[in-house]
Amino acid sequence: MKQVTASAPGKIILFGEHFVVKGTRSIASAISRRVYVSITETDSRYIRIISPEAGLDSVIDPETLKPGDPMLAPLASMLEYIRDTLGYRIIPVTIRVKSELPIGAGLGSSAAFSAAFARAFLAFIGEEDSLELVRKISIVGETRAHGKPSGIDTAMAIEGGTIIYKRGENPLKISLSLPEGYSLIVANTGVERSTREVVEFVLGRADKMVKVSSLLYEAADRLIDLALRAFKSGDMELLGELMDVNQGLLYSMGASSGVIERLLWAARKNGALGAKLTGAGWGGSIIVLVEETLSSVIKNVLVDEGALDVFEVSLGEPGVRVEE
Ligand code: MEV
């Protein structure tokens with residue numbers, strides 16, 4: 001039976017989430033946890049979607065494209081775009097999703113799903129070398145999921161690596177790595193939230209106090225230069241401080257929460273060099289920069305404080321790809 005599997009990576013935003021929505025620069029990197037999407041031929045007349053991690057087993061009628069579950073709205077929008085704008089015929093298939101990323105945790109699971117689905121679907125119908133189409137389809141899914149996405153999650157899922165991202169510009173690929181002896185820890189607060197709601201709240205606050213918020217947005221953009229310099233010179237103490245400053249700006253814009261602050265402070269109190277939320281906030285995930293010798297201690301502290309999925313990440317993993 002014909003089957004194609006594609007995968008795309010999750011991401012962390014090192015600097016500049018939220019601010020990037022209004023056009024400042026941001027630094028993001030693809031991580032080694034991925035979302036896999038397999039598309040298989042079926043005898044059924046329905047498109048069936050099975051995602052154990054999301055607790056989902058539902059169908060979409062290929063004629064009406066009406067989603068059988070609200071969680072499928074981004075997929076239904078992508079199928080509609082593929083049919084109505086790109087002009088491909090939608091046939092019944094079975095779509096299996098396997099996510100190594102926690103869902104709704106700020107690690108780009110929805111963009112990784114959209115990119116992996118688009119890549120798998122195009123490969124399934126025999127369209128190869130179609131990254132531009134993958135991008136177009138993924139943006140439709142991500143816009144349905146998140147309302148006003150900057151595009152950074154989609155760019156990351158497709159390009160992989162590490163990028164400087166500015167809305168409306170091609171992502172600039174850069175090479176960043178932590179010097180020997182340092183680690184970056186991701187911890188999921190376990191609090192799921194909607195990126196769309198947090199983004200709208202932050203944009204609302206920015207509009208309410210333009211004279212102040214424009215200074216914060218400018219500060220977020222300038223932090224990028226300092227962060228790149230800190231990476232280049234291997235000054236991890238400075239990098240940690242810059243993460244703390246970025247967190248302060250995100251706090252000011254209303255993206256933080258009690259649980260995030262509690263975890264960040266537990267990490268800092270135990271010797272972390274710096275820590276911030278990553279992604280949208282109000283829950284989701286945090287990232288913590290540590291000396292490697294303290295890594296186990298700080299991971300245990302975060303688990304004791306109630307964090308889920310506490311793991312170290314490497315930066316710059318590959319983007320969307322068809323799996324053999
Ligand atoms: C979400 O991963 C990042 C945000 O900046 C939203 C966006 O850029 O679309 C919060």
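These legends accompany several views of a predicted protein model.

**Notes for all views.** Because the model is predicted, local features need pLDDT of at least 70 and side-chain atom pairs count only at pLDDT 80 or more, while totals for chains, interfaces and linings use all residues. Residues are numbered from 1 along each chain as its sequence is written, and side-chain values use heavy atoms, with hydrogens and water left out.

**View 1. The whole protein at a glance.** The protein has nine helices and 12 strands; these are DSSP runs numbered from the N terminus, with helices (H or I) of at least four residues and strands (E) of at least two. Its C-alpha trace spans about 60 × 45 × 35 Å along the principal axes. The radius of gyration is 20 Å, which agrees with the value near 20 Å for a compact globule of 324 residues. That radius is taken over C-alpha atoms, and the globule rule is 2.2 Å times the number of residues to the power 0.38. Of the 324 residues, 55% are buried, where buried means under 20% relative accessible area, exposed over 50% and partly exposed in between (1.4 Å probe, protein chains only). Among contacts with a separation of 6 or more, 72% join residues 24 or more positions apart; a contact means heavy atoms within 4.5 Å.

**View 2. Ser213 in helix α6.** Here we zoom in on Ser213, found in helix α6 (residues 210–233). Is this serine buried or exposed? Ser213 counts as buried because its relative accessible area is 4%. Leaving aside residues up to four places away in sequence, Ser213 touches Ala206 and Met253.

**View 3. The Lys276–Glu17 salt bridge.** The structure holds 15 salt bridges, each a side-chain nitrogen of Lys or Arg within 4 Å of a carboxyl oxygen of Asp or Glu. In one of them, Lys276 pairs with Glu17, and the closest N and O atoms are 2.9 Å apart. Lys276 sits in strand β9 (residues 274–278) and Glu17 in the loop between β1 (3–15) and β2 (26–41), so the pair ties together parts 259 residues apart in sequence. Both Lys276 and Glu17 are buried.

**View 4. The Asp57–Arg48 salt bridge.** The side chains of Asp57 and Arg48 meet at 2.8 Å, N to O, in a salt bridge. Asp57 is partly exposed at 47% relative accessibility, and Arg48 is also partly exposed, at 36%.

**View 5. Arg268 and Asp244, a link between two helices.** A salt bridge joins the side chains of Arg268 and Asp244 (2.9 Å, N to O). Arg268 belongs to helix α8 (residues 258–269) and Asp244 to helix α7 (residues 236–252), so this pair connects parts 24 residues apart in sequence. Arg268 is buried at 16% relative accessibility, whereas Asp244 is partly exposed at 25%.

View 6. Most residues other than glycine have a negative phi. Leu65, not a glycine, has a positive phi of about 60°. Leu65 lies in the loop between β4 (56–60) and α1 (73–84), and it is buried at 2% relative accessibility. Trp282 likewise has a positive phi, near 60°. Where is Trp282 found? Trp282 lies in the loop between β9 and β10 (285–291), and it is partly exposed, with a relative accessible area of 27%.
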